[in-house]
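I opened this model to look up its cores, its chains and the contact between them. My entries follow in the order in which I looked.

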Amino acid sequence: MKRTLGRVWLFGAALGFALLLAGTSARAEEEIHGGVGSARTDTAAEHVEAEHGEHEEEGAPSIDPKKLGLQFLNFGVLVFILVKFGGGAINKMLKSRHEQLKADLASASELRAAAEAKLKKQEARLATLENEIADMRRNLKAEAEAEKARLIAASEERAARIKAETTFLIEQQVRDADQRLRRESADAALKIAEEILKKSIGAADQQKLLETFVGDVERRPDAGRAV
Amino acid sequence: MAALGGSIARRYAKALFEIGVAEGNYEKLGQELEDLARAYGESAELRLALENPMIKPSEKTAILKALLPRVAPSPSVQRFAQLLLERGRIGLLRGAARAYRTLADERAGQVRATVTSAAALGAPELDRVRRALEARTGRKVIVQTAVDPGLIGGVVARVGDLVLDGSVRTQLEEMRHRLLN
């Protein structure tokens with residue numbers, strides 16, 4: 001860094017020297033053209049106008065070989081200074097810039113490769129996306145069919161159970177109704193029979209019942225019950 | 001509780017019966033005991049007086065002593081009744097009388113039967129029933145009668161634990177059972 005600053009300082013000094021040299025040559029040229037400086041100063045406007053008039057009269061500027069030679073010399077010194085003192089820094093800067101550009105290019109190349117790989121991957125996925133969608137559709141349909149079958153089976157099983165329970169309840173109610181009907185019929189029949197017997201049983205019937213009872217007691221050892 | 005009372009009554013009755021057998025007058029003692037039990041069962045005032053804990057024992061004894069000579073003149077029956085009163089068992093008098101009668105019937109080789117009919121039976125019919133029951137039990141049967149119009153017709157005889165049912169009511173119930181099953 002310190003070395004670079006020294007070079008820049010030297011480059012600046014050489015450039016100043018060159019400019020000083022260029023200014024000196026310019027004044028020498030003026031002196032060659034104008035004679036005494038102060039006298040010409042007083043009549044500068046007139047001289048300019050006169051010179052202008054001369055130029056208009058001559059038509060094209062003339063080339064002074066001496067002035068041209070000094071300008072070439074000046075340019076050569078400037079080129080020398082630039083090459084001598086600024087060439088290294090410029091080369092280094094250009095080299096650094098070159099390396100940076102190379103690194104940027106490499107990085108860009110890698111990014112591009114990665115992007116291309118990603119692009120290929122996405123393209124491949126896009127290519128298989130239709131198949132995936134078709135698979136998903138098939139799976140969803142199969143699951144829906146399975147769920148439908150399960151629901152139907154469950155509904156049928158429940159319907160069968162309800163039917164069995166209902167059948168059982170109906171049979172139970174029919175049995176109860178049958179029993180109730182039998183009981184009521186029997187009660188009604190016996191009530192009627194009792195009423196008829198109460199009215200119709202006479203002394204002869206009582207005698208016959210007594211004879212039957214006595215006969216049973218005498219002939220049937222198993223007649224009667226223990227209490 | 002009733003079974004316990006019956007058991008106690010039988011023990012008291014057996015004691016009196018053994019005294020009667022020993023004295024040779026168990027039939028007479030049994031009759032007096034039945035008369036006393038009937039009088040006790042038919043008089044609510046007598047039961048209330050003898051079972052009421054608010055009445056003094058001496059007063060109860062006096063009441064019983066006033067009654068006994070007229071109903072049960074035998075000293076054994078009087079002592080028996082006084083013993084029940086002293087032990088607070090006078091309420092077992094009717095049960096003791098029944099147990100005594102059973103013991104006496106067993107000793108005499110006889111059994112009592114209750115014959116219930118829908119209408120009152122005449123003497124020939126009762127005699128036929130008695131003979132049939134004697135043939136069935138093999139023992140002499142003493143028949144007691146009762147009338148229950150609810151039987152509609154026929155006879156029901158109860159001999160000890162055995163019931164012989166020839167009533168129309170029972171036949172109707174059996175018919176109802178068959179109809180339902």
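**Cores.** I began with the largest nonpolar core, which has 27 residues. Those with the most contacts inside it are B:Ala13, B:Leu16, B:Leu33, B:Leu36, B:Leu93, B:Ala96 and B:Tyr100. My rule for a nonpolar core: a set of buried Ala, Val, Leu, Ile, Met, Phe, Trp, Tyr and Cys residues joined through C-beta atoms within 7 Å. My rule for burial: a residue is buried if 20 or more other C-beta atoms lie within 10 Å of its own, exposed if 12 or fewer, and partly exposed in between, with C-beta atoms placed from the backbone.

α6(B) gives the most, with seven residues. I take helices (H or I, at least four residues) and strands (E, at least two) as DSSP runs, numbered from the N terminus.

A second, separate core has 20 residues, including A:Val217, B:Ala113, B:Leu133 and B:Val168.

I also looked up B:Ala96. Leaving aside its neighbours within four places in sequence, B:Ala96 is in contact with B:Ala9, B:Tyr12 and B:Ala13. Contact here means that the C-beta atoms of two residues, placed from the backbone, lie within 7 Å.

**Ground rules.** I note that this is a predicted model, in which local features need pLDDT of at least 70 and side-chain atom pairs count only at pLDDT 80 or more, while totals for chains, interfaces and linings use all residues. Residues are numbered from 1 along each chain as its sequence is written, and chains are lettered from A and ligands numbered from 1 in the order in which they are written.

**Chains.** Chain A comes to five helices and one strand. Along the sequence I read α-α-α-α-α-β. Chain A has 227 residues, of which 4% count as buried.

Chain B comes to eight helices and four strands. From the N terminus on, I read α-α-α-α-α-α-β-α-β-β-β-α. Chain B has 181 residues, of which 30% count as buried. I took the contacts in chain B between residues at least 6 apart in sequence; 65% of them join residues at least 24 apart.

I count Ala, Val, Leu, Ile, Met, Phe, Trp, Tyr, Cys and Pro as nonpolar, Asp, Glu, Lys and Arg as charged, and the others, Gly among them, as polar.

**α4(A) with α8(B).** I looked at helix α4 (residues 65-200) of chain A against α8(B): their axes come within 9 Å and cross at roughly 155°. Axes are lines fitted to C-alpha atoms, for helices over the stretch in contact, and angles run from 0 to 180 degrees between N-to-C directions. α4(A) and α8(B) are therefore roughly antiparallel to each other. Angles under 35 degrees count as roughly parallel, over 145 as roughly antiparallel, 65 to 115 as roughly perpendicular and the rest as oblique. The crossing is right-handed. A crossing is left-handed if the near helix is turned anticlockwise from the far one by less than a right angle, and right-handed if clockwise. Among the residues in this contact are A:Arg182, A:Leu190 and A:Leu197 of α4(A), and B:Val168, B:Leu172 and B:Leu179 of α8(B). By class, I find nine nonpolar, no polar and four charged residues in the contact of α4(A) with α8(B).

**α5(A) with α7(B).** Helix α5 (residues 203-219) of chain A packs on α7(B) at an angle of about 15°, with axes 8 Å apart. α5(A) and α7(B) are therefore roughly parallel to each other. α5(A) passes α7(B) in a left-handed crossing. A:Leu210, A:Val214, A:Val217 and A:Glu218 meet residues of α7(B), including B:Val129 and B:Leu133. The contact of α5(A) with α7(B) divides into seven nonpolar, no polar and four charged residues.

**Two residues of chain B.** B:Ile152 lies in the loop between β2 (140-147) and β3. Its phi is positive, about 70°, although B:Ile152 is not a glycine. Is B:Ile152 buried or exposed? B:Ile152 counts as buried, because it has 21 C-beta neighbours inside 10 Å.

B:Val156 sits in strand β3 (residues 155-159). B:Val156 counts as buried, with 21 C-beta neighbours inside 10 Å. Its C-alpha atom is separated by 5.1 Å from that of B:Thr116, 40 residues apart along the chain.
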